[in-house]
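Here is a short report on a protein structure.

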Amino acid sequence: MKRRREADNAASDSNRSMEIVWQTPANPPEKHDYIFRDGRRHVRPYYFEFICHVKNRWAGKTIVDLFAEEFKGRPYEYYVSAVKCGRIQVDGEMVPVSYIVKSSQKISHFLHRHEPPVMAMDVSILQKEPDVLTICKPPSVPVHPCGQYRKNTIVGILQAEHGLAPLFPIHRLDRLVSGLLILARNASKADVFRQQIEGGKVKKLYVARVIGVFPEGEQVVDANINYNAKAGKSTAEVGDSGGDMPSKGKTACTKFTRISTNGTHSIVSCEPVTGRTHQIRVHLQYAGHPIANDILYLSEHDTDRSTEGMGADRAAGYSHQSLTSSSPEIFFDKTENSIEDFSIDPMCTNCPNLTPKGYEGHEEGLWLHCVRYSGPGWIYECPYPDWASLNQKKGISGILKIL
C-alpha cells in the first residue's frame with residue numbers, strides 16, 4: 001500500500017510541484033533500491049511514515065516540544081516546520097505547533113529516510129530447500145529490520161535480489177557477526193526449529209580469532225551474563241550463592257577449543273550451550289582472550305593490537321572520514337548508478353549526503369563466524385572465513401576431528 005501526499009510548503013518554492021510516495025512496511029524492497037559504492041551497499045533514500053503512540057510521560061507537552069526533547073537528532077526549527085507543513089500529524093490530522101498531546105494518541109512522522117550503509121558483500125545462498133533456506137551472512141548486515149535498518153537487512157536483500165519471501169529467521173546473528181543463517185520458508189517449519197532450540201536439541205558451533213595463545217584442551221566458561229541495554233554491552237561474573245551479593249544476569253555456559261595459534265592470535269572453536277546477548281564475546285573476554293578486533297570487549301592494554309579501522313561496535317555518532325574521501329575498501333562494481341542518483345528532499349536534514357550522519361567511516365566485520373547448526377536429523381554448515389586460517393590450513397580442517 002502506498003500513500004500519496006503533495007509536497008510540503010518548503011518544496012513549493014521549486015518551479016514544479018513534487019509528488020511524494022510515502023512508503024509503509026508493506027512496500028517490499030526492490031533491486032533498484034540499492035546503490036553500491038566504495039565497497040558498501042547503500043539504500044536510496046525514500047519517504048517513510050514512522051508511527052508511535054503518545055506515552056503517559058509525553059502527555060501534556062506540545063507536539064514540537066515532545067519531538068525536540070525525545071528525538072534530539074534534528075534541530076528544533078525542523079520540528080516546527082514539520083508540524084506546520086503536515087509532516088508531523090496527530091491521529092492523521094494536521095495540528096498547530098502549540099497543540100498539546102494526549103496519552104495514547106497516534107503520531108505520524110513523514111520523513112525522508114536515509115539508511116546506514118553495510119559492507120557490499122553478496123548474500124550467498126548455501127542451500128535452498130522447499131521449506132528451509134541457508135545463507136552465508138556477511139558481516140555488518142542486520143538479519144531483519146531494526147533501528148535505522150529496513151531494506152539494508154538480510155531479509156530485505158533476499159527479497160529484493162532473489163525474490164525470496166516470506167522468510168522466518170530461526171536464530172539470530174548480531175549485525176557484525178558473519179556465517180551460517182538458517183531461515184524457514186514458512187511459519188510451520190519455523191515453529192519446528194524453535195521448539196527444537198527451546199528444547200535444547202540444537203547444537204551451535206562458531207569460530208573466533210582471539211588475542212594471545214589460547215590454552216590447549218577444552219575450556220569451559222560458566223559465568224552469568226548481565227546485559228546492559230543502555231550501554232549495549234554485557235558483563236560476565238560468577239555467582240556466589242553463599243554471599244550477600246548474588247550474581248546478576250542470566251546463567252550462561254560456553255565451551256572453547258583451540259584450533260591453531262601463531263603466537264599472537266589463536267583460532268578458537270566456540271560452542272555456546274546457552275544463548276545470551278554477546279555470550280561468546282564476553283566469555284572470551286572473561287577467559288582473558290577477547291576477539292582480536294572486538295573493540296567493545298578488548299581491554300585497554302590490548303586495544304593497540306587490534307586491527308586498524310573502525311571498531312566493530314562503533315558508536316553511531318562517530319565519523320572520521322567523509323564519503324567522498326579516499327577509502328581503503330574494495331570497490332564492488334555491481335551497478336553503474338552514481339551516488340547522486342536519488343531525489344533530494346528540501347526538508348531532509350541528511351540530504352544531499354547519501355549516508356546518514358555518523359555512518360561515514362570505515363567499519364569492519366567482527367572476527368566471529370557461525371560455522372554450523374545441527375539438530376535431530378539435520379545439519380547445516382557454512383565455509384570458514386579467510387581470517388580464520390592464520391596461514392595454517394591444517395588447523396582449520398582439523399576442527400571437524402576435534403569436535
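The report covers the model, its cores, its helices, its strands and a loop residue.

## Basis of the model

This is a predicted model: local features need pLDDT of at least 70, side-chain atom pairs count only at pLDDT 80 or more, and totals for chains, interfaces and linings use all residues. Residues are numbered from 1 along each chain as its sequence is written, and side-chain values use heavy atoms, leaving out hydrogens and water.

Helices (H or I, at least four residues) and strands (E, at least two) are DSSP runs, numbered from the N terminus. Buried means under 20% relative accessible area, exposed over 50%, and partly exposed in between (1.4 Å probe, protein chains only). Contact, or touching, means heavy atoms within 4.5 Å.

## Nonpolar cores

A nonpolar core is a set of buried Ala, Val, Leu, Ile, Met, Phe, Trp, Tyr and Cys residues joined through side-chain atoms within 4.5 Å. The largest one holds 70 residues. Leu158, Ile182, Tyr206 and Leu284 touch the most other members. Strand 13 (residues 203-211) gives the most to this core: six residues. A second, separate core has 20 residues, among them Ile63, Ala82, Val83 and Val95.

## Helix 3 and its cover

Helix 3 spans residues 154-162. Its buried residues are Ile154, Val155, Gly156, Ile157, Leu158 and Ala160. Their cover includes strand 3 (34-37), strand 4 (40-43), strand 10 (132-137), strand 11 (168-169) and strand 12 (178-184). Leucine 158 touches Val123, Leu133, Ile135, Gly163, Leu164, Leu167 and Leu183, not counting residues up to four places away in sequence. Glycine 163, just after the helix, takes a positive phi of about 65°.

Two strands pair if DSSP finds at least two bridges between them. Four bridges join strand 3 to strand 4; phenylalanine 36 has arginine 41 as its bridge partner in strand 4.

## Helix 1

Helix 1 covers residues 63-70, and its buried residues are Ile63, Val64, Leu66, Phe67 and Ala68. What covers them includes helix 2 (76-85), strand 6 (88-90) and strand 7 (106-113).

## Strand 13 and its partners

Eight of the nine residues of strand 13 are buried. Strand 13 pairs antiparallel with strand 19 (residues 368-375) over six bridges. Leucine 205 has arginine 372 as its bridge partner there. Six bridges also join strand 13 to strand 18 (residues 265-272), again antiparallel. Tyrosine 206 stands opposite cysteine 270 in strand 18.

## Cysteines and a loop residue

The structure holds zero disulfides (pairs of cysteine sulfur atoms within 2.5 Å). Cysteine 52 counts as partly exposed because its relative accessible area is 22%. Cysteine 85 is at 18%, so it counts as buried.

Where does glutamate 129 lie? It sits in the loop between strand 9 (124-128) and strand 10. Glutamate 129 touches Arg185 and Tyr380, not counting residues up to four places away in sequence. A polar contact of 3.0 Å joins the side chains of glutamate 129 and tyrosine 380. Such a contact is a pair of N or O atoms within 3.5 Å; within protein, one must be able to donate a hydrogen and the other to accept it, and residues adjacent in sequence count only if both atoms are side-chain atoms.
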